[in-house]
Amino acid sequence: MQDRIGIAREEVTFAAEDRFPLAGTLFRGTGDGPLALISSAAAVPRGIYARFAQHLVADRGFRAAMTYDYRGVAGSRIPRGWKARPSMADWAEKDMAAAVDHLEGIAPGHPMVGVGQSFGGQGLGLCNRANRFDRYLMVAVMSGHWAYTAEPYKVFATMNLVGVPLALLTGRVPGWTGLGQTLPGTVFRQWARWGRSPDYFFADTKMDAARRFAEVRTPILSIGVEDDPWGTPKAQEAILSAYVNAPVERVRVSPVTTGQPIGHLGFFRPAFRETLWKPAIDWLSDNRSKNSAIAS
């Protein structure tokens, strides 16, 4: 369908390496700017990022932008009869990797950039596709360790005293817990287990995360948000410090300068098109000027 003049919006399905079907939304235009892959925060549906993706293509000349849902989230439902137990690691290692490959197929060899919110910033180090991105924008990237949040005891209780028992008893954790979309129990339990350690998934020997993060050399711009109770400076740095061989720029933005609250997910609201989106997209496009500094 034509979403706007010159902009095509298409609902797509593509398969991960294990044949899990993933749902995505592809925006295509006539510009010659880069391709952009937008990777979601944990338990957040891809629709949250639709306006941003559309803006990249319609107003900033990106050739295409794609959003997608990780397995078990929103549109990427577990197929009936699916035997394998989904994990949070799958989101990066299989789902994000498949999304990169699918977007690559739109224009093979064309420049590609990435946008990752929260878990989407962690995924860069785990997807084995980091070298495909020319630049990577991280928004509210953070370790999931409960003690690094601004509400540690609330987060610990919600994750471990509410979420984990629900995951064990019912096989899923519903959205009413306040942690986002309903998640498969096995995904949530891995997330909670990682979050109990100060080293997060770097303590999981099966992940070999430190070595994999060290292989990333993609330039990164990390935007933290002052009123984000999850992405505190300590939580942010616990992830960014592992990108030891990537050039990383760090910026913190404040609701004082934007004129309204931002929070963990608010960056992608159209209200921030000029104050937050513009300089971030300028950086992604490598088109910065003296007037494109991010509000802080």
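How many cavities of 30 Å³ or more does the count come to? The count comes to 1. A cavity here is a set of points on a 1 Å grid, over the protein atoms alone, where a 1.4 Å probe fits but cannot get out.

Some ground rules. This is a predicted model, where local features need pLDDT of at least 70 and side-chain atom pairs count only at pLDDT 80 or more, while totals for chains, interfaces and linings use all residues. Residues are numbered from 1 along each chain as its sequence is written, and side-chain values use heavy atoms, with hydrogens and water left out.

The cavity, then. The largest cavity holds about 30 Å³ of space. Volume means the space filled by probe spheres set on the points, with grid points joined across faces, edges and corners. Its lining is Gly144, Trp146, Val155, Met159, Asn160, Trp191, Ala192 and Gly195. Lining residues have an atom within 4 Å of a point. Helix H4 (152–170) and helix H5 (185–195) are the elements that give two or more residues to this lining. Helices are DSSP runs of H or I, at least four residues, numbered from the N terminus. By class, the cavity lining has 5 nonpolar, 3 polar and no charged residues. Nonpolar covers Ala, Val, Leu, Ile, Met, Phe, Trp, Tyr, Cys and Pro; charged covers Asp, Glu, Lys and Arg; the others, Gly among them, are polar.

How do H4 and H5 pack? Their axes come within 9 Å and cross at roughly 150 degrees. Axes are lines fitted to C-alpha atoms, for helices over the stretch in contact, and angles run from 0 to 180 degrees between N-to-C directions. H4 and H5 are therefore roughly antiparallel. The cut-offs: under 35 degrees is roughly parallel, over 145 roughly antiparallel, 65 to 115 roughly perpendicular, the rest oblique. On the H4 side, the contact uses Met159, Asn160, Gly163, Val164, Ala167 and Leu168. On the H5 side, we have Gly185, Phe188, Arg189, Trp191 and Ala192. Contact means heavy atoms within 4.5 Å. The classes are 7 nonpolar, 3 polar and 1 charged.

H5 also meets helix H2 (88–104). The axes of H2 and H5 come within 7 Å and cross at roughly 100 degrees. That makes H2 roughly perpendicular to H5. Met88, Ala89 and Trp91 of H2 touch Val187, Gln190, Trp191 and Trp194 of H5. This contact has 6 nonpolar residues, 1 polar and no charged.

On to the pockets. A pocket is an open set of points with protein on both sides within 12 Å along at least five of seven lines. The largest pocket has a volume of about 490 Å³. It is lined by 26 residues, and Gly178, Leu179, Gly180, Trp230 and His264 are the closest to its centre. Helix H3 (119–122) and H4 each supply at least two lining residues. H4 gives the largest share, 3 residues. The lining has 15 nonpolar, 9 polar and 2 charged residues.

The second largest pocket has a volume of about 320 Å³. Of its 13 lining residues, Pro86, Ser87, Thr186, Gln190 and Arg193 are the closest to the centre. H2 and H5 each supply at least two. H5 gives the most, with 5 residues. The classes here are 4 nonpolar, 3 polar and 6 charged.

To close, follow Gln190: this H5 residue is in the contact with H2, and Gln190 is also among the residues closest to the centre of the second largest pocket.
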